[in-house]
Amino acid sequence: MSDSRSTSPLLGKGGLKTDQDDTGKELENKTSSLQAFFNIFNANMGTGVLAMPYVIRLTGYWGVILIILVAALGNYTGKLLIYCLREDTAYEDLANSTYADLGEAFWPRYGRVLVHITNFFEQFSHCTLFLIMCGTVLHHTFPDSFVSESVWIAVVSIAVLPCAGVRTMKHISWISLLTVIVALVTSTCVLVYAFFHYHQWKTHELASFKFKEMSIAMGVITVTYSSQAYLPIIEKSMRYPGEFNAIMDFTYTLVTIIKFNYGILVFFCFREHTEQIMTLSVPHGAFRITLSLAVIVTALLFYVVPMFTLYDIFEHQLNIPLFAELKDEPLGCNKNSTPKLVFRFVFIVLSTLVAIFVPHFGLLMAFVGSFTGTILVLIYPCIFHIKLHYSTMPWYHILFDLSIAVFGVVGCICGVIFSSIQIAKEYDFYRMWGIEPDDPSNE
């Protein structure tokens, strides 16, 4: 099996490359169970908690069920990935390997590239979403400036240009933790505001079951649980990997409780005025401006995590000839680094252009989650498990995995279709396709 690399916003001492003869040094470089908890927590929380009230607005109490369902399935498939990596198969011993190695074992010719490309678009989309978040927040926070969301996105994109020069993950892990803390503090401030206005709550005014809204909401939720690409390297870095499953259960349970409680309690306060980003639901004033600035800082800091992962995929994992020759060259101000820097700037510009032309945070989030998120979280792990362990699996386990994969495929197709139609309606593409726009009074 070819050598592969994987990056993730990990907290820990040093890297994973250790001297196997020096057991003490190897253990010292591993992460503790507490650090593993924070790594998984960071990967599944992020800024996604800010969109949970919007999910409840779309789906009502059904959204709580959907959040719990996606979390349970994500927890199961995450542990399934590690099982496939750590257990021998008839194909090859996959111990100490990565998500992409599973793809190669599943489909030797194209599996590795398929996983990398899917993850590539997933990370690229996250970068775009962070820019849209900044533009949306700025536009709604300063409505009297007469500056459109697209212009705000173009302005804030200047702040992320230094991401092209990022060299290592040394400090990114701490940036990841900081952004999660800021996002939680910001969300908690909105929750406290909602509690102070509890007299405005109307717990009975929730949306009824609608398949279209459920499909869109599932995409939004799936984005917030898209940690599968990081889990193999997190487990591999652990000092006591036998505790991984227990940590997964605890972390996913905690994250899920936070998400649906924040979502439903904030929605009770704002109801039909609940925005895609919860801080925008707060009335205009100094408090909202403070929260908005915190969200912008969080989004800009978090932008570097998926973008650096994207760099690593493109420069080291897709085996592009130009970068294969330069992969060991340190990044610097020299001609050898020029191709890398040029393509890194191109990625930043492309993410900015996509954000400018589709500045709708909730719908693009739903599209991304329905497409690449569902594939990485629900579909790939199950079909990989069936293929690699088919001969040793009982029939009911095969049926269970197959059911999850089918559920993922249906959710993917429906979510992509409905979110695409909604995006088209938002930007008058419906005139081209003959689709009537939604009545604004129903929004």
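I began with residues 364-386, whose end C-alpha atoms lie 31 Å apart and whose span is 100% helix and 0% strand; helices here are DSSP runs of H or I with at least four residues, strands are E runs of at least two, and both are numbered from the N terminus. I note that this is a predicted model, in which local features need pLDDT of at least 70 and side-chain atom pairs count only at pLDDT 80 or more, while totals for chains, interfaces and linings use all residues. Residues are numbered from 1 along each chain as its sequence is written, and side-chain values use heavy atoms, with hydrogens and water left out.

I then looked up residues 398-423, where the chain is 100% helix and 0% strand and the end C-alpha atoms are 37 Å apart. The unreviewed UniProt entry lists "transmembrane region" at several spans, among them 364-386 and 398-423; its positions follow the numbering used here, the feature names are shortened, and annotations may be inferred rather than shown by experiment.

Next I turned to Ser370, which is found in helix H16 (residues 361-389). Ser370 is buried at a relative accessible area of 1%, where buried means under 20%, exposed over 50% and partly exposed in between, using a 1.4 Å probe and protein chains only. A polar atom of the Ser370 side chain lies 2.7 Å from the backbone oxygen of Ala366. Leaving aside neighbours within four places in sequence, I found Ser370 in contact (heavy atoms within 4.5 Å) with Ser215, Gly219, Gly411, Cys412, Gly415 and Val416.

I went on to the largest nonpolar core, which has 124 residues, and in which Tyr303 and Tyr311 touch the most other members. Such a core is a set of buried Ala, Val, Leu, Ile, Met, Phe, Trp, Tyr and Cys residues joined through side-chain atoms within 4.5 Å. Not counting residues up to four places away in sequence, Tyr303 touches Cys127, Phe130, Leu131, Val160, Cys163, Ile348 and Ser351.

I also checked Phe37, which has its place in helix H2 (residues 33-44) and counts as buried at 14% relative accessibility. Phe37 and Thr251 are 214 residues apart in sequence, yet their C-alpha atoms are 6.4 Å apart in space. With neighbours within four places in sequence left aside, the contacts of Phe37 are Ile247, Phe250, Thr251 and Leu254.

For the charged side chains, I recorded 4 salt bridges in the structure, each being a side-chain nitrogen of Lys or Arg within 4 Å of a carboxyl oxygen of Asp or Glu. One of them joins Asp101 to Arg112, with the closest N and O atoms 2.0 Å apart. Asp101 lies in helix H5 (residues 99-106) and Arg112 in helix H6 (residues 111-141), so the pair ties together parts that are 11 residues apart in sequence. Both ends are buried, Asp101 at a relative accessible area of 2% and Arg112 at 9%. Arg112 also meets Glu104 in a salt bridge (2.8 Å, N to O), and Glu104 is partly exposed at 21%.

My last entry is the salt bridge in which the side chains of Arg271 and Glu272 meet (3.9 Å, N to O). Arg271 counts as buried at 12% relative accessibility, whereas Glu272 counts as partly exposed at 43%.

Methods
A polar contact is a pair of N or O atoms within 3.5 Å; within protein, one must be able to donate a hydrogen and the other to accept it, and residues adjacent in sequence count only if both atoms are side-chain atoms.
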